[in-house]
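Here are some notes for a colleague who has not seen this structure before.

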Amino acid sequence: MTGAPSLKKVALVGIGKIAIDQHVPALAASPVWQLEATVSRSGRVEGVAAYDDFERLLEERPDIEVVSLCLPPVPRFDYAAQALKAGRHVMLEKPPGATLSECHELEALARRQGVALYASWHSREAACVREAKRWLADKTLHRLQVTWKEDVRRWHPGQDWIWQPGGLGVFDPGINALSILTEIAPEALHLNAAHLLVPSNRQTPIAAQLQFQAASGAAVSADFDWRQEGEQIWTIAIETDAGNLTLLEGGARMVVDGAEIDTSAEAPLGDEYPRLYANMAALVSTGSIDMDLAPLRHVADAFTLGERRLVAAFDW
Ligand code: NAP
């Protein structure tokens, strides 16, 4: 007789907005995962063992195989390295780190330790991204325009880390668009120009315009803006040699040549985070690494190549 398969035990570290909005509900609904503990200086989840010291969790709970890190990018590296050194599988919120070098270091460490490491990109799990990739695969790009415009006060209330070095500013949501772009584009792209608009009292941009070079000569650009009030826009509009595709609402909807495409059959797990945790379960069972840094590379290129312009000071 075979018993029920055992649940994968996970600890969530950094109990803030994304942990509460997405990770906790995705884990609670999963038949595979068990949220065993949280680590946080202030947050907790009812009914779950709460630690405020990560080292103590690692020492006291060798039964927890997996650590999922929901911290902002700058403090995340030390926690990830500590978890990997303790032989735990690690899942990273996006972006996987504050710098490319620290991400490479984590990948090397995971390889040495023989444990799973997942740089998760939640927007790649939006309902229409797989279908958009399939549709584009045999087409030639003519034009691709990313428009990602949202109200920072609505989506990041009081989060000062986004304005500090390593917080990425408008690239915090913009990297979601880049994670879709790098997944679906049918050819290699590299950034060749950028304009970064930085509030005079902050360290990171509130808006950015990016231009990419494509081997086909297609015009590829992105417009990120955190000053958007009213309608919020997360769109990728694509013209090809064989029709037009628009991804809307961050990849949740897709229109081809004016007709809405129903991809509901594509998403049996429903939302983005249940799909991320299904991916993580697969990586854990084979001890594999999924560390695609392409979206972060484009952001790093924008910070390297971009022209900076100071704009009006930003206050909450
Ligand atoms: P958040 O609520 O501001 O912060 C998450 C938690 O990180 C905080 O509650 C805090 O936990 C911990 N933390 C913050 N600074 C820390 C520090 N210096 N040292 C140790 N712990 C620290 O941020 P969030 O919105 O959840 O975002 C976290 C990550 O998720 C980011 O990389 C973001 O890009 C990604 N993400 C966010 C969203 C969203 O809608 N917000 C969506 C998708 C992905 P304690 O104070 O409890 O220790």
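**Notes on the ligand site and the ring pairs**

1. A polar side-chain atom of R76 lies 2.9 Å from an oxygen atom of the ligand. This is a polar contact, that is, a pair of N or O atoms within 3.5 Å. Taken alone, the ligand exposes 870 Å², and the protein buries 82% of that (Shrake-Rupley method, 1.4 Å probe).

2. The model is predicted: local features need pLDDT of at least 70 and side-chain atom pairs count only at pLDDT 80 or more, while totals for chains, interfaces and linings use all residues. Residues are numbered from 1 along each chain as its sequence is written, and side-chain values use heavy atoms, with hydrogens and water left out.

3. A backbone N or O atom of K17 is 2.8 Å from a ligand oxygen atom, and a polar backbone atom of I18 is 2.8 Å from an oxygen atom of the ligand.

4. Which elements give two or more residues to the shell around the ligand? They are α1 (17-28) and α3 (73-85), helices being DSSP runs of H or I with at least four residues, numbered from the N terminus. The largest share, four residues, comes from α3.

5. There are 24 residues around the ligand, and I18, S40, R41, W161 and D172 come nearest (a residue is near if one of its heavy atoms lies within 4 Å). By type, the shell divides into 11 nonpolar, seven polar and six charged residues. Domain 1 (8-119) and domain 2 (124-269 + 299-311) both contribute to this shell, so the ligand lies between them; the domain bounds come from an automatic or database assignment.

6. The structure holds nine aromatic pairs, counted when ring centres of Phe, Tyr or Trp (its six-membered ring) lie within 6.5 Å. In one of them, the centres of F54 and Y79 are 5.4 Å apart and the planes stand at 40°, so the pair is tilted (stacked is under 30 degrees, edge-to-face over 60, tilted the rest). F54 is in helix α2 (residues 54-60) and Y79 in helix α3, 25 residues apart. F54 is buried at 5% relative accessible area, whereas Y79, at 26%, is partly exposed (buried is under 20%, exposed over 50%, partly exposed in between).

7. F171 and F224 form an edge-to-face pair, 5.7 Å centre to centre with 90° between the planes. The pair links helix α7 (residues 171-184) to strand β10 (residues 219-225), a strand being a DSSP run of E with at least two residues. Both F171 and F224 are buried.

8. Ring pairs also link W163, W226, F314 and W316 into a cluster.

Technical notes: A polar contact is a pair of N or O atoms within 3.5 Å; within protein, one must be able to donate a hydrogen and the other to accept it, and residues adjacent in sequence count only if both atoms are side-chain atoms. Ala, Val, Leu, Ile, Met, Phe, Trp, Tyr, Cys and Pro count as nonpolar, Asp, Glu, Lys and Arg as charged, and the others, Gly among them, as polar. Buried means under 20% relative accessible area, exposed over 50%, partly exposed in between (1.4 Å probe, protein chains only).
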